[in-house]
Amino acid sequence: QVQLVESGGGLVQPGGSLRLSCAASGSIFSLIRMGWYRQAPETQRELVATITNDGNTNYAESVKGRFTISRDSTNNSLWLQMNRLKPEDTAAYYCHAQGITGAYWGRGTQVTVSS
């Protein structure tokens, strides 16, 4: 089993920045990829960014150039640096981890971008 806990969400003005954090615990030695997803009310969940154990990253086109995903393997932490935030970035953001035998989700942290 793997447990994921997100933090760092909040209310920010358009053009501002936030950094989300995800702390992983449990059988974390089995994780091969981690990432961030988001879901706004009454919309489909979408992938934001992923990072593999070898450091390879990929991003949704809507966030390229604005968001950066990073991982600290020593502390088993995942971050999402979000810059130049837009109102359409408003959503619940979820940490995701892919293991050898299953996938895991955090409970989410709310990001609201509004003036």
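Analyst: W36 stands opposite A49 in β5. Strands here are DSSP runs of E with at least two residues, and helices are runs of H or I with at least four residues, numbered from the N terminus. Two strands count as paired if DSSP finds at least two bridges between them. β4 and β5 run antiparallel and are joined by 6 bridges. They form a hairpin with 6 residues between them, and E42 in that turn has a positive phi of about 65°.

The model is predicted: local features need pLDDT of at least 70, side-chain atom pairs count only at pLDDT 80 or more, and totals for chains, interfaces and linings use all residues. Residues are numbered from 1 along each chain as its sequence is written, and side-chain values use heavy atoms, with hydrogens and water left out.

β4 also pairs with β9, in the antiparallel sense, over 8 bridges. Y94 in β9 is the bridge partner of Y37.

W36 also belongs to the packing. The largest nonpolar core has 29 residues, and W36 is among those with the most contacts inside it, as are L4, M34, L80, M82 and Y93. A nonpolar core is a set of buried Ala, Val, Leu, Ile, Met, Phe, Trp, Tyr and Cys residues joined through side-chain atoms within 4.5 Å. Buried means under 20% relative accessible area, exposed means over 50%, and partly exposed is in between (1.4 Å probe, protein chains only). Among the elements that give two or more residues to this core are β4 (31-39), β5 (46-52) and β9 (91-99).

L80 touches W36, A49 and Y93, among others, not counting residues up to four places away in sequence; contact means heavy atoms within 4.5 Å.

Next comes the open sheet. Its 4 strands follow the order β1-β3-β8-β7, with antiparallel pairing. β1 and β7 stand at the edges with a single partner strand each, so one side of each has no neighbour in the sheet. Within this sheet, β3 and β8 pair over 6 bridges, and R19 stands opposite Q81 in β8.

A disulfide, meaning a pair of cysteine sulfur atoms within 2.5 Å, joins C22 to C95, with S to S 2.1 Å. C22 lies in β3 and C95 in β9, so the pair ties together parts that are 73 residues apart in sequence. The torsion about the S-S bond is about -80°, so this disulfide is left-handed. C22 is buried at 1% relative accessible area, and C95 is buried at 0%.
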